[in-house]
2 protein chains.
Amino acid sequence: MAAVLPTPPRVLLFDVFGTVVDWHGSIVAEMAHLYPEVDGDAFAVAWREGYRPAMARVTSGELGWTKVDDLHRMILDDILPRFGLESMPSTERRELNRVWHRLAPWPDAIEGLSLLKRRHTICTLSNGNIGLLTNMAKQAGLPWDCVLSAEVFRAYKPDPVVYRGAAEVFDLAPSDVMLVAAHQDDLAAARACGLQTAYIERPLEFGSRRPKAVSPDPANTLHASDLMDLANQLQ
Amino acid sequence: MAAVLPTPPRVLLFDVFGTVVDWHGSIVAEMAHLYPEVDGDAFAVAWREGYRPAMARVTSGELGWTKVDDLHRMILDDILPRFGLESMPSTERRELNRVWHRLAPWPDAIEGLSLLKRRHTICTLSNGNIGLLTNMAKQAGLPWDCVLSAEVFRAYKPDPVVYRGAAEVFDLAPSDVMLVAAHQDDLAAARACGLQTAYIERPLEFGSRRPKAVSPDPANTLHASDLMDLANQLQ
């Protein structure tokens with residue numbers, strides 16, 4: 001599909017969990033290693049399901065500003081009993097919670113990002129905290145030019161403050177910036193702020209038992225099967 | 001000198017202007033190209049001299065939060081008449097102001113940072129804004145794991161909020177973090193917050209007409225002639 005871009009984006013902002021790294025597969029693999037008796041697939045999904053409600057508690061003001069590391073830990077503490085793991089000691093909980101720092105990239109991610117980095121500034125725009133994203137990048141070899149996070153703006157996506165703030169960081173108009181994500185709601189919120197948007201198909205984000213619909217939304221500037229495809233389309 | 005480190009630092013935070021990049025030489029070179037009739041050495045020093053007073057206006061509350069890009073522009077507008085350049089059009093001022101995004105690294109910086117990156121997380125901790133630091137890194141090839149800036153904390157060094165905040169970003173005790181800088185006052189402020197400190201000799205920071213004293217302060221954890229030397233000492 002030969003897309004006509006409004007103007008080539010100077011900065012590409014990337015959603016990370018699910019878009020660049022495979023949180024589901026990484027948590028399943030870690031659980032299979034640590035607790036083979038537990039249904040790792042259900043565990044990963046339960047952990048992730050607590051994510052939006054936890055951020056909503058911050059956005060509503062019920063909780064003060066809380067990093068995703070701490071939200072992940074609250075959710076973990078909450079779900080462990082459901083999986084018969086309520087006796088897990090706190091040092092082990094802390095270590096397991098760091099699995100989010102060790103998520104594996106999708107197979108196309110490093111090569112795709114490296115290609116995109118040649119012509120664009122590539123930057124995270126994730127609700128994950130800066131330390132988490134930096135540790136992940138170092139472990140996985142993700143070649144970010146810059147690590148931007150909700151933590152910088154003290155607001156979680158889809159708050160417009162985050163998308164607009166990211167464009168302001170680079171002293172660019174929102175239309176000179178593109179959000180790249182595997183989630184239509186994230187892209188819709190960015191588009192409402194004037195950003196260009198690229199959807200990435202990640203049909204296995206929730207595992208092979210729960211294939212995700214990845215049909216195109218014509219409202220997006222681009223629709224790509226993966227980050228290599230995005231790099232080809234942006235050339 | 002075989003230093004005995006308290007514990008090897010997990011994260012190295014770098015001051016940037018003067019420590020990693022040669023602001024004086026870069027501005028002199030740009031002015032020699034654009035305005036050979038102007039004393040580039042005096043111009044560079046005048047521009048930099050306005051930096052601390054400008055940040056002090058933010059810290060005192062006289063100015064609201066203002067990025068270094070905007071402070072640099074205010075100082076530039078202020079000094080241009082002194083150099084007979086008061087008629088410079090605003091598009092040209094904007095372009096010249098971006099020289100701070102194009103500063104050249106000291107000759108040892110890229111190799112030194114690349115070595116340090118093997119064992120440590122390497123991160124900026126500069127008063128420069130995130131966009132400036134990211135553009136500079138991309139242009140110069142500085143291989144940061146993370147770009148941290150006063151902009152993240154909305155406070156300028158030497159405010160303790162910046163040093164403590166950087167350790168908190170990585171969920172580390174201040175003593176697990178080291179500030180690397182060519183300025184003793186920056187290091188002293190970091191040390192007061194519990195960080196380890198490494199001084200880097202940059203005798204030509206202000207140009208060859210103004211050699212800078214670079215004698216060791218025993219209060220620092222390490223004293224290095226450049227970033228290669230620091231990498232050797234940290235091995």
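**Entry 1: domains of chain A**

I began with the centres of domain 1 and domain 2 of chain A, which are 22 Å apart when taken over C-alpha atoms. The model is predicted: local features need pLDDT of at least 70 and side-chain atom pairs pLDDT 80 or more, whereas totals for chains, interfaces and linings use all residues. Residues are numbered from 1 along each chain as its sequence is written, chains are lettered from A in the order in which they are written, and side-chain values use heavy atoms, with hydrogens and water left out.

I looked up the bounds: domain 1 of chain A is 11-22 + 103-234, and domain 2 is 23-101. These bounds come from an automatic or database domain assignment.

For the interface I noted 25 residues of domain 1 of chain A in contact with 25 residues of domain 2 of chain A (contact means heavy atoms within 4.5 Å). The area buried between the two domains of chain A is about 2,100 Å², and carbon and sulfur atoms give 53% of it. Buried area here is the accessible area (1.4 Å probe) that two parts lose on being put together, summed over both.

**Entry 2: aromatic pairs**

I counted 18 aromatic pairs over all chains. Rings of Phe, Tyr and Trp (its six-membered ring) pair if their centres lie within 6.5 Å; planes under 30 degrees apart are stacked, over 60 edge-to-face, and the rest tilted. A:Phe17 and A:Tyr51 have ring centres 6.0 Å apart and planes at 85°, so I logged the pair as edge-to-face. A:Phe17 lies in the loop between β1 (11-14) and α1 (23-34) of chain A, and A:Tyr51 in helix α3 (residues 51-59), 34 residues apart. Helices (H or I, at least four residues) and strands (E, at least two) are DSSP runs, numbered from the N terminus.

I then checked accessibility: A:Phe17 has a relative accessible area of 2% and is buried, and A:Tyr51 is buried at 6%. Buried means under 20% relative accessible area, exposed over 50%, and partly exposed in between (1.4 Å probe, protein chains only). One aromatic cluster holds A:Phe17, A:Trp23, A:Phe43, A:Trp47, A:Tyr51, A:Phe83, A:Trp100 and A:Phe206.

**Entry 3: salt bridges**

I found 32 salt bridges over all chains, and 4 across the interface of domain 1 and domain 2 of chain A. The rule asks for a side-chain nitrogen of Lys or Arg within 4 Å of a carboxyl oxygen of Asp or Glu. A:Arg52 and A:Asp185 form a salt bridge at 2.4 Å, N to O.

A:Asp39 and A:Arg209 form a salt bridge at 3.4 Å, N to O, and the two residues are 170 residues apart. Is A:Arg209 buried or exposed? A:Arg209 is exposed at 56% relative accessibility, while A:Asp39 is partly exposed at 34%.

I superposed chain A on chain B with a rotation of 180° and 0.0 Å of shift along its axis, at RMSD 0.0 Å. The relation is that of a two-fold axis. In chain A, A:Val152 has the C-alpha nearest the axis, 2.7 Å from it.

Definitions and conventions:
Least-squares fit on C-alpha atoms with pLDDT ≥ 70 in both.
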